[in-house]
Amino acid sequence: MENNKERMLELLADQTAFGLTEDEALELKMLLKEFPEWENDESFELTALAISMSNLDISESMPTHLRSKILDNSEKYFAKEEEKVEAEDLQPTFAFAPRRSIFDWLGWAFAAAFLVVLGVNIWTTRVDTQAKVDNPPKTVTPTPELTVTQKREQLLASVGKIQLNWTPPKPDAPAVTGDVVWDNQKQEGYIRFQNLPVIDASKETYQLWIVDETHDPKTPVDGGVFKVNKEGEIIVEIDAKLKIGKPIMFAVTKESNPEGVVISSLKGLMAVAKV
Amino acid sequence: MAKTILNRIADGDKSAVQECLDKFGGLIWSLARRMCPNKDDAEDAVQEIFIDIWKNAGRFDEIQASETTFVAMIARRRLIDRLRKNQRQPGIDSFEDILMEPAENSNEMMQTSVEAKEAAKALKILRPEQRQILHLSIVQGFSHQEISDALQMPLGTVKTHARRGLLQVREFLGLESAEIAREVKA
């Protein structure tokens, strides 16, 4: 018990000082179940805030142009908020219909299932069997699987997609061009690169990361690994390992483990695309 | 009872934005200047922080914290997130600047809070390596790996110093109990 509490305090301190890995966050979550009184503890955050503010030099005032920008931003922000409120007021009334309990729906589900069984029964017992022979089922020609390029083109035409250009992580980093197309509703997306360096697939891999606002920003979502074995344009389908709530950044790293990594050191950061 | 600035912002009162800037602009700008690598970055960060403040103003509860604490917490979280997201690969030169201890007791220094003053005192009683690691992690947003590389110190030792240092400062500030009033007084 005492050891668990000590470990919990260590993790709370680590969380404030460095952030936690996914495993550590999970461990802390479990420990907090044992000590629920610490669930909403902010004492470490407050300590960090006090440290951040200690010996703070506040002699330099905020630049005037920045103040003007913030005031402009506030105009835009409040105008958007007002639009939202107006839009909510215009919602059709059925949007507020009371929710049905699952038991209400179960009744309908049973009724629907019964009708299906009844329909099948009537079909098999009453329909003229000769008709079946006269009207053989049509052969369905399988639709050819779309290529990744075609799927990307299709997604580009969708209303809900976002398209972002890759930018180098540092000004002196090699220029990598291309883009990300992502549709959050469909949870589907593609990354495209024009000149990502070729790598030795037995030793290295490229890995995509998706920073999601609804997840801990310290633990971006693994978007899949991919290789580049030829020069020129490549398109890769995004393989997000978790549901993405609200993407705020996509990033590609080069990892020395050919299978990819759980946590990237970000030393091999190649390109970023911010939403 | 008069409404606070944050309550008024939450109610969509645009005139409160000016007051919010007057009251907290200097503090946020100073925090951003301390925690951002350059002025341009600090300007971007401050704009984001104010948007965060407007978005979160409705969550402010004056029983829980003062407005200054609430605003400074939002600012710090945003700044530290930016630092951690900013995938830098620091060279020795950039570390040299960062490893420099912050200046103390300058006439131009103004203390913004009672707890911040206490924290400054508490930092002095820490061992130099604890103080240095807390500065690098909490103020500069460096990861334990980056600190370990820069200081040539094992990863576990970095973590231990950070934990002990943080716990000591927390205790010094009287925040050691989760039930104690949570406030950094302005």
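The following legends describe close-up views of a predicted model.

Local features are given only at pLDDT of at least 70 and side-chain atom pairs only at pLDDT 80 or more, while totals for chains, interfaces and linings use all residues. Residues are numbered from 1 along each chain as its sequence is written, and chains are lettered from A in the order in which they are written.

**View 1. Packing of helices H8 and H9 of chain B.** Helix H8 (residues 144-151) and helix H9 (residues 155-172) of chain B pack at an angle of about 110°, their axes lying 9 Å apart. Helices are DSSP runs (H or I, at least four residues), numbered from the N terminus; axes are lines fitted to C-alpha atoms over the stretch in contact, and angles run from 0 to 180 degrees between N-to-C directions. H8(B) and H9(B) are therefore roughly perpendicular (65 to 115 degrees).

**View 2. Residues joining H8(B) and H9(B).** From H8(B), B:His144, B:Gln145, B:Ile147 and B:Ser148 meet B:Leu155, B:Val158 and B:Lys159 of H9(B); residues are in contact if their C-beta atoms, placed from the backbone, lie within 7 Å. By class, this contact has three nonpolar, three polar and one charged residues (nonpolar: Ala, Val, Leu, Ile, Met, Phe, Trp, Tyr, Cys and Pro; charged: Asp, Glu, Lys and Arg; polar: the others, Gly among them).

**View 3. The contact between chains A and B.** Chain A contributes 49 residues and chain B 60 residues. On the side of chain A that touches chain B, H3(A) supplies the largest share, 11 residues. The residues of that side divide into 24 nonpolar, 12 polar and 13 charged.

Technical notes. Helices (H or I, at least four residues) and strands (E, at least two) are DSSP runs, numbered from the N terminus. Angles under 35 degrees count as roughly parallel, over 145 as roughly antiparallel, 65 to 115 as roughly perpendicular and the rest as oblique. Two residues are in contact if their C-beta atoms, placed from the backbone, lie within 7 Å.
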